[in-house]
Amino acid sequence: METLSGILIGLQVACEPINLFFCFVGVTIGTLIGVLPGIGPLATISILLPVTFHAPPLSGIIMLAGVYYGALYGGSTTSILVNIPGEAASVVTCLDGYQMALQGRAGPALGIAAFGSFIAGTLGIVGLMLAAPPLARMALQFGPPEYFSLVILGLMMLTFLARGAMWKSLIMAAAGIFLGSVGIDVMSGSERFTFNIAELADGIGIAPVAMGLFGISEVLLNIEQSTERSVFKTKIKHLFPSARDWAASVLPILRGSVIGFFLGILPGGGAVISSFVSYAVEKKVSKHPEKFGTGAIEGVAGPESANNSASAGAFIPLLTLGIPSNPVTAILLGAMIVFGMQPGPLLLSQHPNLFWGTVASMYVGNCMLLALNLPLIGIWVKILKVPYAILFPLILLFCLIGVYSINNSITEMLIMIVFGVIGYFFKKFEFEAAPLILAMVLGPMFDVALRRSLLLAGGDATTFITRPISAVLLGSAFLILIFPLLPWFKKKRKVIEEMKD
Amino acid sequence: MSSQFNNDQWSSLFWFICGLVFCIASLNHGVGDLHNPGTGFTPFLAGLAISVFSVIGFVKSTLRQKKGIGWKSPMKGAMWGRALLAVGALFAYSFLLPSLGFTLCTALCVSFLFRVGKFYRWSVAIAGGVVTAFATYGLFVALLKVQLPKGPWGF
C-alpha cells in the first residue's frame, strides 16, 4: 500500500510540466551521446552537472538520470550500424547487431534493441519500486561501522571488476579516498591539504574532477587518433520485429532483465558487466550457440535488455543506502549532495517526492525513449556523420563553461584541466579512473564512519567484525580481495577482460 | 630480460612516491591513534595503502619484466601533438578568460581547436569559432542566465 501511494505521488511529481521537460531533455541528450561514439554517459553527466544547478533539484536529478538510461538506449544504434559501441555497455551488441545489419536486418536489430530496452527498463523500475522501501528500512539500523564496511565492500567490488590489474584499481581507490579528504574535516573543523586555496575548503569539487577524468581525457585520447567512421549504408526498414524475431527474443529479454537488475544492484556491477553476462548466458542456453556472432537476434535482445535493467538496479543502493554502485551513480550522489539532499535510508521518509519522483520519471522517460528511438532513427544516423573535428571543440567548450558556471571560479577550471591531463595519463598507463571517482565521492563518508566507529568503540578496531552486518560486509570485501589469487577466478577475470578488449 | 623498467614498474614507482608524500603530509595534520583518530588519520591510511599496493605492483611487474615485458611507449602511434595543443588551448583559455571576456576568448580558442582537429583553413576555423562563440553566448548568457566574464568590450 505504501509503495502504491508512493508510485502515485511519484507519477504526480514526474508528470509536472517542468519535470517532463527536464526528463525529455535528459533522455534526448542521453540518446544523442549514446549514439555518438567517443563520449559516454559518465562524461556527459559530468559536463551537464553544473547546468542542473540552475534547475530545481528534482528536475536536475531527473534530467541526469535520463541521460544515464538514455545513453544505454542510444548506445545500441552505433553498435548495430557502425560496429563501434556508442558506450561500453553496448560492446556486446556489436557482435550480432552489426552482423544482422550486414545481412539487411538492421531494422529488426534496432527494433528489438529498443523494445528490449523498454521492457527491461520497465521491469527494472518495478523491481526498484518493490525492493527500495524494505532495504531503506533495513538500512536505518546501520551505524558507522556498517557504513564503513559497506563503503569498503563497494570499493572492493568496483576494483575487482575494473579493467586491468587489481593493484592498480586499489591504488586508484586509495587515491580517491585521499582526494576525498581534502577540505575541512567535519569532525575537528580544521582544514586539510587546502594550501589556503578558498575553493578547496569545501573539498575538491566532484564536477571538475569527473569532467577532467572522463570528459577532457576522453577528448584528448580521441583527437590523437585519426579514425574515420563509416556509417552502414542501407535503407533501414522493418523496425518492428517479426513474430519469429519476437519468439526468439522474449526469453532473452526476460533473462537479461533479471540478470541486469541484480548485477546493477551490486556495487561495482552495472550495465557493462550485465551485458557481457547476459550474452554469455544466452549463448550457453541456446540450442544453436554457433549462430552467436553471425547475427543471432538473441545476442542483441539479451544484452540490450540487461544493460537497461542494470541502470534501474543501480539506483537501489544509491537511493536507499546512499552508496553509489558505479561511477555514474557516484556523480549523481555528488549532485544530490550539492542540491542539499543526502541519499540514504532517510531519503525515502524525508524527501518522498524526490525518491518517488525520480523513480516514476524513469518510467516516463522509458516511454519517451521508445518514442525517440524508433521514429527518429534517421536523425540519429545523420548525427553519426558529424565529424569529430567539429564535435570535440564544442565538448571542450561545454566542459569549460560548465565547470566555470558552478562557482564562477577559474581555479575549478584549472582543476578540471589538470585532472583531464591526469586522466589522459591514467588511460595511457592503464589505470582506470572509475574506482578513484567512486572513492572520492565516498571518501568523506568513509572518513567519518571509520573515525566515529573507533571513537564509539573506544579504539577497539574489532568493532567492525563483532557487529554482525558489518562483519558480513567486511567478510565479503575480504573474499573479493583474495578472489583474484584463486586460479579459477583469475581465469574468469581474464575472460571478462578479454571480452571487454 | 629487458634492462629498462617497463610501464608498470615506472607507474608503481611513481605511486610509491606519491603514497609516501601523502603519508608525510598527513602526519603534519596529526594522525592520532585508534582511541582518538586525528584529522590526518584517513589520508595517512590512504597514503599507506597506495605505497603498499604500489610495492605489490612493482613486484608483479618485475616478474612480468623477467618474462620479457619491457617498456612500451604509451605515445607510440598517437598524434599526441594534437592533444598537447588542445591542453595548451584550454590552459590559455582559463588564464585569458577574465581579461579578454567570454566571447573573444571563446572565438579564439574554438577557432584554434577547429584548426587543430582537422586542419580546416584558418578562415573556416575562425568563422566556426565566431559563430560558436556567439551561439554559446546566446545559449548560456542570454537564455540560461549563466554569469560569464565580460571583456573590455562588455561581452
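Select chain A and look at its contacts. Of those with a separation of 6 or more, 80% are between residues 24 or more positions apart. Keep in mind that this is a predicted model.

**Stop 1: chain A as a whole**

Stay on chain A and show it as a cartoon. The secondary structure comes to 23 helices and 2 strands. Its C-alpha atoms fill a box of roughly 70 × 50 × 45 Å along the principal axes. A compact globule of 501 residues would have a radius of gyration near 23 Å, and the 22 Å of chain A agrees with that. Buried residues make up 62% of the 501 residues in chain A.

**Stop 2**

Now select A:Phe193 and A:Asn196. A:Phe193 lies in the loop between strand E2 (191–192) and H9 of chain A. A:Asn196 is found in the loop between E2 and H9 too. Check the backbone angles. A:Phe193 is not a glycine, yet it has a positive phi of about 50°. A:Asn196 is likewise a residue other than glycine, with a positive phi near 60°.

Is A:Phe193 buried or exposed? It counts as buried, because 20 C-beta neighbours lie inside 10 Å, and 20 is the cut-off for that class. A:Asn196 has 7 such neighbours inside 10 Å, so it counts as exposed. The limit for exposed is 12 or fewer.

**Stop 3: A:Ile265**

Go to helix H10 (residues 243–265) of chain A and pick A:Ile265. This residue is buried, with 22 other C-beta atoms within 10 Å. Which residues does A:Ile265 touch, not counting those up to four places away in sequence? They are A:Gly313, A:Ile316, A:Pro317 and A:Ser325. A:Ile265 and A:Pro324 are 59 residues apart in sequence, but 9.5 Å apart in space, C-alpha to C-alpha.

**Stop 4: chain B as a whole**

Switch to chain B. It has 5 helices and 0 strands. Along the sequence the pattern reads α-α-α-α-α. The C-alpha atoms of chain B fill a box of roughly 55 × 50 × 20 Å along the principal axes. The radius of gyration of chain B is 24 Å, whereas a compact globule of 155 residues would have one near 15 Å. Buried residues make up 39% of the 155 residues in chain B. Of the contacts in chain B between residues at least 6 apart in sequence, 61% join residues at least 24 apart.

Colour the two domains of chain B separately: domain 1 is 7–66 and domain 2 is 80–143. Their C-alpha centres lie 40 Å apart.

**Stop 5: helix H5 of chain B**

Select residues 122–143 of chain B, which form helix H5. This helix has 22 residues and reaches 30 Å from its first C-alpha to its last, close to the 32 Å expected at 1.5 Å a residue. Show side chains for its buried residues, among them B:Ala125, B:Gly128, B:Gly129, B:Thr132, B:Ala133 and B:Thr136. Look at the spacing along the helix. An α-helix has 3.6 residues a turn, so residues three or four places apart point the same way. What covers the buried residues of H5(B)? The cover includes H18 of chain A together with helix H4 (102–118) of chain B. Step just past the end of H5(B) to B:Lys145, which takes a positive phi of about 60°.

**Stop 6: where the chains meet**

Show both chains. In all, 49 residues of chain A are in contact with 50 residues of chain B. The elements giving two or more residues to the chain A side are helix H8 (166–180), helix H9 (206–223), helix H18 (388–407), helix H19 (410–428) and helix H20 (434–456) of chain A. The largest share, 10 residues, comes from H18(A). By class, the chain A side has 32 nonpolar, 10 polar and 7 charged residues.

**Stop 7: the largest nonpolar core**

Select A:Val151, A:Ala174, A:Leu396 and A:Ile437. Of the 217 residues in the largest nonpolar core, these touch the most other members. Helix H6 (residues 106–139) of chain A gives the largest share of this core, 17 residues. Domain 1 (7–66) and domain 2 (80–143) of chain B both give residues to this core, so it lies between them.

Finish on A:Leu396. Not counting residues up to four places away in sequence, A:Leu396 touches A:Ile216, A:Val219, B:Ala86, B:Leu90 and B:Leu113.

Definitions and conventions:
Residues numbered from 1 in each chain as written. Chains lettered and ligands numbered in written order. Contact = placed C-beta atoms within 7 Å. Helix = DSSP H or I, 4+ residues; strand = E, 2+ residues; numbered from the N terminus. Nonpolar A, V, L, I, M, F, W, Y, C, P; charged D, E, K, R; others polar. Core = buried A, V, L, I, M, F, W, Y, C linked by C-beta atoms within 7 Å. Domains from an automatic or database assignment. Rg over C-alpha atoms; globule rule 2.2 N^0.38 Å. Expected span 1.5 Å × (residues − 1).
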